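Here are my notes on the fold, point by point. Please keep the model open while you read.

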Amino acid sequence: MPLSGDLLRLADAVLFPGFPGQTPPDWIRRRLGEGLAGVVLFSRNIAGPAQVARLTAALRAENPAVLVGTDEESGEVTRLEVATGSSRPGGYALGVVDDVDLTESLAADLGGDLARAGITIDFAPSADVNSNPDNPVIGLRAFGADPELVARHTRAFVRGLQSAGVAACAKHFPGHGDTSVDSHHGVPVVAESGIEDALFPFREAIAEGVKAVMTGHLLVPSYDAERPATLSPKVLTGLLREELGFDGMIITDGIEMAAVSEAHGIGGASARAIAAGADAICVGGERADEATAAGIRDAIAAAVTEGLLPEERLADAARRVRELAAWAASSGSPAPADAGIGLAAARRAIRVTRRSATPVLPLEAAPHVVELAPEMNLAIDRNTPWGVGEPLSRLLPGTVVTRLTAGQATGSELERLIGAAAGHPLVAVVRDVHRHAWQSEALRHLLSARPDAVVVEMGLPARSDLGALHVATYGSARVCGQAAAELLTGSL
């Protein structure tokens, strides 16, 4: 049966596709003119704030009500500053400082940057409780491992962001923290014993008036043993809408992720998500072509004609998207930018453990820096700069920096570096060393030869008893590296 134009437009009204390039392609312009709800900007779309402002202006020329979203969490997951590294630390560093006024002010400053660039919904904050230190996808994106700490900083972040007129979006409902599987590749399972702790920050975000919630592709057996949350009426309608009382827009995490698309295809997963209670479909992190977006629209429309998706449910979803667009068009007032707030926060987050009676800092000579670089999850752009070596080189000219990946950190290469560093301070920089056996082994090798070395952990510090001096930055954002370099040189 041919799909009617009205039904296709209604399906488009719940779709947020991505697209290639730093200007909108013709198919995006055309679809916006026909009622496409919104778009999602990824790193590939962004060269800088001025370019993004031009891009979003071009999108609004086709549809003034378009919602423009992005993943700008600050810290590791940054889009506006993907080329330089974030000027603000991420959630975990803010949780370590535990100053809700700072978190609110930093989020308001971030919201101002987003608003001036024409972005109206930010897929942040991560309201996940990172209670599993082996979590491969959340980690430092969370505010911490304590539900009450996460809740109060989630509320503060929501307040700050929305004060600038940018909708906050708490994620990944009902909580991705106590998992050990990356939903880009499989289906994480949330244990029944931890579900109430996981839900608590979302309850608080809803009480704060968060405008949107992003679903996690998570299996929650205590609510639905068969369907991931994104596809589960019991989780999205029964739990989020009815039990928690959320009345804003529910948007899916990337619908092309294997946890939901593998069983149903991208279009089938999209239709099932709307039927379950989602209001908007996010797609385009991995599949950003016109055919994918058209296929999702057609699959949603076909699901209505086939009886899988009630038209009333689709219309209700489109209404919630329109309501959010209306709020974004008339709310908030960006405050003047505060260029120093991010570095100030990063400095406050640093924690130092001294294990040597011999003074180690400040470094009095240009050091050799060895940075061990693990493969990061797909939410973190692999090209975003990070590390301590570069800012340290600016403060101590002559600093030598070597970065090694898993395959490069061989015994012979480590021995060469140990020899080259003789007579110089040695600084070893790691990220989540406890999750990567090769990093642990490489660090053991370095420290066995150089027990006087400084260890800088830019991931989640499971241990602080490594090196003569252990520095935990709780993040690898640009400002975290700068703050660590200042500490090492005595200028902090």
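1. Two strands are taken to pair if DSSP finds at least two bridges between them. Helices (H or I, at least four residues) and strands (E, at least two) are DSSP runs, numbered from the N terminus. The model is predicted: local features need pLDDT of at least 70, side-chain atom pairs count only at pLDDT 80 or more, and totals for chains, interfaces and linings use all residues. Residues are numbered from 1 along each chain as its sequence is written, and side-chain values use heavy atoms, with hydrogens and water left out.

2. Start with the parallel sheet. Six strands form an open sheet in the order β2-β3-β4-β5-β6-β7, and the pairing is parallel. Strand β3 (residues 67-70) runs parallel to β2, and four bridges join them. L41 has T70 of β3 as its bridge partner.

3. Helix α6 (residues 147-163) packs on this sheet, where α6 touches β4 (121-122) and β5 (167-173). Contact means heavy atoms within 4.5 Å. The direction of α6 makes about 145 degrees with that of β5. Axes are lines fitted to C-alpha atoms, for helices over the stretch in contact, and angles run from 0 to 180 degrees between N-to-C directions.

4. Are the residues of β2 buried or exposed? Both faces are covered: G38 and V40 on one side, and V39 and L41 on the other, are all buried. The cut-offs: buried is under 20% relative accessible area, exposed is over 50%, and partly exposed is in between (1.4 Å probe, protein chains only).

5. Next, α6 against helix α7 (residues 195-208). Their axes come within 8 Å and cross at roughly 25 degrees. The two helices are therefore roughly parallel to each other. Angles under 35 degrees count as roughly parallel, over 145 as roughly antiparallel, 65 to 115 as roughly perpendicular and the rest as oblique. The α6 and α7 crossing is right-handed. A crossing is left-handed if the near helix is turned anticlockwise from the far one by less than a right angle, and right-handed if clockwise. Residues making the contact include V150, A151 and T154 of α6, and F200, P201 and E204 of α7. The contact residues of α6 with α7 divide into eight nonpolar, one polar and six charged. Here Ala, Val, Leu, Ile, Met, Phe, Trp, Tyr, Cys and Pro count as nonpolar, Asp, Glu, Lys and Arg as charged, and the others, Gly among them, as polar.

6. W27, R30 and R31 of α2 meet E290, A293, A294 and R297 of α10. That contact of α2 with α10 comprises three nonpolar, no polar and four charged residues.

7. Strand β10 (residues 368-372) pairs with β11 in the parallel sense over five bridges. H368 stands opposite V400 in β11.

8. Look at S476, in the loop between β14 (469-472) and α16 (478-489). S476 counts as buried, at 4% relative accessibility. Leaving aside neighbours within four places in sequence, S476 is in contact with E76, P385, W386, R431 and M458. L140 and S476 are 336 residues apart in sequence and 9.2 Å apart in space, C-alpha to C-alpha.

9. Two backbone items to check are cis peptide bonds. One runs from F173 to P174, with omega near 5 degrees; P174 is in the loop between β5 and α7. Another joins L361 and P362, with omega about 0 degrees; P362 is in the loop between β9 and β10.
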